[in-house]
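Good morning, and thank you for the time.

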Amino acid sequence: MLASGFTAAPISKYLLFGIVVSSILVSITDTKYLFHIQLVPHIWHYQQFWRLLLWQSCYNNSTELLFGVMTMYHLRIIERLWGSRKFVSFLLTAILPCSLIPPFALAILRPLTFSILNILPAGPTPLIFALLAQYHATIPTVYKYRIAVSSTSPDAVTFSDKSLVYLLAAQLAFSSSPGSIICAAAGWVVGMTWRRGLGPDIWTTWRVPEWLAGSKQARGGDFDDLRRRLEGEGNGTGHATGADGEVRRRAHGSGILDHFRGAF
């Protein structure tokens, strides 16, 4: 049975709520201008290098926030597959390259495009696409379906159960193009690099302590719940026949008495 909501995905829940809350606070306080990156003048002229660490903390418009949150919600299955410890370890190891590679790529592409490329929109789009790369590599396709104009039409488009996630991610990638496309591409490269183990060994093998991710407590709680459930089923099985029989006898007896009371 498929788990609904954020069952077994607490880190995804906190991350999603954090993105929503931070984006709303930035909008309310009218500080959106502090979070996007413009190579000129933010980096080259003003040396505001602190933007390299903050620009993924929130979204600056509702469209990107909507599609980012929806994509992140579907990617919670990665945490269920890996467990919270590996999931949060991946986020912590991917956040730094996802923060630095897009500005570095923008600095290379800006002179090649005659300064057309100059802005990176705020938001954790690179981190989401790094997770999307894991989703693409690890989650199998369950079913496929085709959409055609008519049943006899030879031209049909094939989709799968994963197509919705890719569609949401594509909308996020093109929402503030061309800067958002650079963010999406950089995040995908980081995710695939981590997936294939092309970086240092410690980058792919490092894990946060179990107590930090709550893994040990979560497993213990699950085992305790399972043990209590099995004990309850075992205790209930031995007494089910007698209890059910007693209930049936009382129900039949009450029905007979009611029948005779109505007759008199």
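Predicted model: local features only at pLDDT ≥ 70, side-chain atom pairs only at ≥ 80, totals over all residues.

Helices here are DSSP runs of H or I with at least four residues, strands are runs of E with at least two, and both are numbered from the N terminus.

Residues are numbered from 1 along each chain as its sequence is written, and side-chain values use heavy atoms, with hydrogens and water left out.

Let me return to the pair. The axes of α4, residues 62-74, and α7 come within 10 Å and cross at roughly 35°. Axes are lines fitted to C-alpha atoms, for helices over the stretch in contact, and angles run from 0 to 180 degrees between N-to-C directions. On the α4 side the contact uses G68, T71, M72 and H74, and on the α7 side I128, L131 and Y135; contact means heavy atoms within 4.5 Å. By class, this contact has four nonpolar, three polar and no charged residues. In this scheme Ala, Val, Leu, Ile, Met, Phe, Trp, Tyr, Cys and Pro count as nonpolar, Asp, Glu, Lys and Arg as charged, and the others, Gly among them, as polar.

At what angle do α7 and α9 pack? Helix α7, residues 125-138, and helix α9, residues 179-195, pack at about 45°, with their axes 7 Å apart. That angle makes α7 oblique to α9, since under 35 degrees counts as roughly parallel, over 145 as roughly antiparallel, 65 to 115 as roughly perpendicular and the rest as oblique. The crossing of α7 past α9 is right-handed. Among the residues in this contact are F129, Q134 and A137 of α7, together with G191, W194 and R195 of α9. The contact divides into eleven nonpolar, seven polar and one charged residue.

I now turn to individual residues. Q134 lies in α7 and counts as buried, at 0% relative accessibility; buried means under 20% relative accessible area, exposed over 50%, and partly exposed in between, with a 1.4 Å probe and protein chains only. Leaving aside neighbours within four places in sequence, Q134 is in contact with residues including W82, F90, M192 and R195. W82, in turn, is found in helix α5 and is buried, with a relative accessible area of 14%.

Which residues have the most contacts inside the largest nonpolar core? They are F87 and F90, in a core of 36 residues. Such a core is a set of buried Ala, Val, Leu, Ile, Met, Phe, Trp, Tyr and Cys residues joined through side-chain atoms within 4.5 Å. Helix α7 gives the largest share of this core, seven residues. A second, separate core of ten residues includes I43, L52, L106 and L120.

Finally, the whole chain: it has twelve helices and four strands, and buried residues make up 36% of its 264 residues.

Definitions and conventions:
Left-handed = near helix turned anticlockwise from the far one by under 90°.
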